[in-house]
Amino acid sequence: MCRFMVYKGKDEILLSELILNPTHSILTQSFDSRLRLDRRRPHNGDGFGIGYYTSPSLGPEPCVFTSTIPAWNCINLSRIASKTTSSLIFAHVRATTEGNLSDSNCHPFTYKSLMFMHNGGIGCFKQIKRRLALSLNEQWFTFVQGSTDSEWAFALFLDCLDKAGHHPDREPGDGKFNHTVLRKALLKTIERINGFIKDVVGQGAGSEDCRSLLNFAVTDGDSVVCTRYVSSQTDEAASLFFSSGTSWKESRNGQKPRGRSTDPGPKDYVMERRDKGSNIVLVASEPLTFERDNWVTVPTNSSLTIYKQTVMIHPIIDEFYSANPAHARSAGFAQAKGQTITGPDKRVLSQPADGANSEAASPHRSAEVVSGTISRLRLE
């Protein structure tokens, strides 16, 4: 499946410092997902997209560049990223699960000032698609241009905003939505998806796997809300990490360089933290560095909110939530979908590719746990 990355900073950053230059950048992950456990589909080569916000004088809408060309083979991506700066950036590399190869199916999706992307998949989507579509107001039903489950999820999110009294066409004060409004609409989106699936299963039509992996990211150009979610009590969600600090810098042999490097090729980066402040927050499906201490794992079935550089994590409390910190989850389902799976201790969880699970192989203490994977994967 896909990989995505979010950058939110007090200051603008050159897109290439995130998308192109780091040793394990989002571009590198399009052809080399080091933490992907399922090697049967090793590439995220079904298109890509970058979205970023520009000067307010140009309007509140983000600028979006998408292409069906694999990210590693798009010269225009290098040209744009090396000359463009922004303080809020979304980037996404795609591996198709629903929908064909087309620009309209590439993330991120946008409406007015809102931008949205998804890593994962909606369970038994073909069987609930009609129910989902008919539940939307006509404006959001006709809004969908592509054929992915992700864009339909965005339409459902817009419908949730609308029905909560926050119509996306009516710009709120200063053109931004409250971060709480965005989070509640995203949680309502997940609730409605689960409801559609429950209806299908209850009618005996759920012959396909009806579990969903719903790692969403949405922003209005000010606040960012992400989710790490799986509709299961026993399975682990696809991975999601965040990193925060005072600066994002190139590192040479562990030392900060005095000036901008002109050397071609990938470079090591590090998230510096000089004080308790967070000038920069990064969220990523897969870390952009191999420094384990730079990254924090977002707990399964949680939301992450970035508001004025402050990171807030809330549990998503529903039938699939467990308040027990020792609650064990299996890595098999997410792995079978080509996803990285991590536990609360930041360790990447491994399991046989057929998803088999046994009492002898606890997902958090199994001999198959790839201990310290992130820190050991540094390239020579």
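## Sheet

Strands β2 (residues 48-52) and β4 (residues 85-93) run antiparallel and are joined by five bridges. Within this pairing, G49 stands opposite H92 in β4. Strands count as paired if DSSP finds at least two bridges between them. Helices (H or I, at least four residues) and strands (E, at least two) are DSSP runs, numbered from the N terminus.

Both strands belong to an open sheet of seven strands, in the order β3-β2-β4-β1-β12-β9-β13, with antiparallel pairing. The edges are β3 (63-67) and β13 (296-297). Each has a single partner strand, so one side of each lacks a neighbour in the sheet. Strands of a sheet pair through backbone hydrogen bonds.

## Basis of the model

The model is predicted: local features need pLDDT of at least 70, side-chain atom pairs count only at pLDDT 80 or more, and totals for chains, interfaces and linings use all residues. Residues are numbered from 1 along each chain as its sequence is written, and side-chain values use heavy atoms, with hydrogens and water left out.

## Positive phi

K112 is a residue other than glycine with a positive phi, near 55°. K112 lies in the loop between β5 (109-111) and β6 (114-121). Its relative accessibility is 37%, so K112 counts as partly exposed. The classes are buried under 20% relative accessible area, exposed over 50%, and partly exposed in between (1.4 Å probe, protein chains only).

C124 also has a positive phi, near 35°, and is not glycine. This residue sits in the loop between β6 and α4 (125-134). C124 is buried, at 3% relative accessible area.

## Aromatic pairs

The whole structure holds 10 aromatic pairs. Rings of Phe, Tyr and Trp (its six-membered ring) pair if their centres lie within 6.5 Å; planes under 30 degrees apart count as stacked, over 60 as edge-to-face and the rest as tilted. Y111 and F143 form an edge-to-face pair, 5.6 Å centre to centre with 80° between the planes. The pair links distant parts of the chain: Y111 is in strand β5 and F143 in helix α5 (residues 138-143), 32 residues apart. Y111 is buried at 14% relative accessible area, and F143 is buried at 16%.

W248 and Y269 have ring centres 5.4 Å apart and planes at 20°, so they are stacked. This pair, too, links distant parts of the chain, from W248 in strand β10 (residues 247-250) to Y269 in strand β11 (residues 269-272), 21 residues apart. W248 is buried at 7%; Y269 is buried at 5%.

## Aromatic cluster

One aromatic cluster is formed by Y111, F116, W140, F143, F154, F157 and F216.
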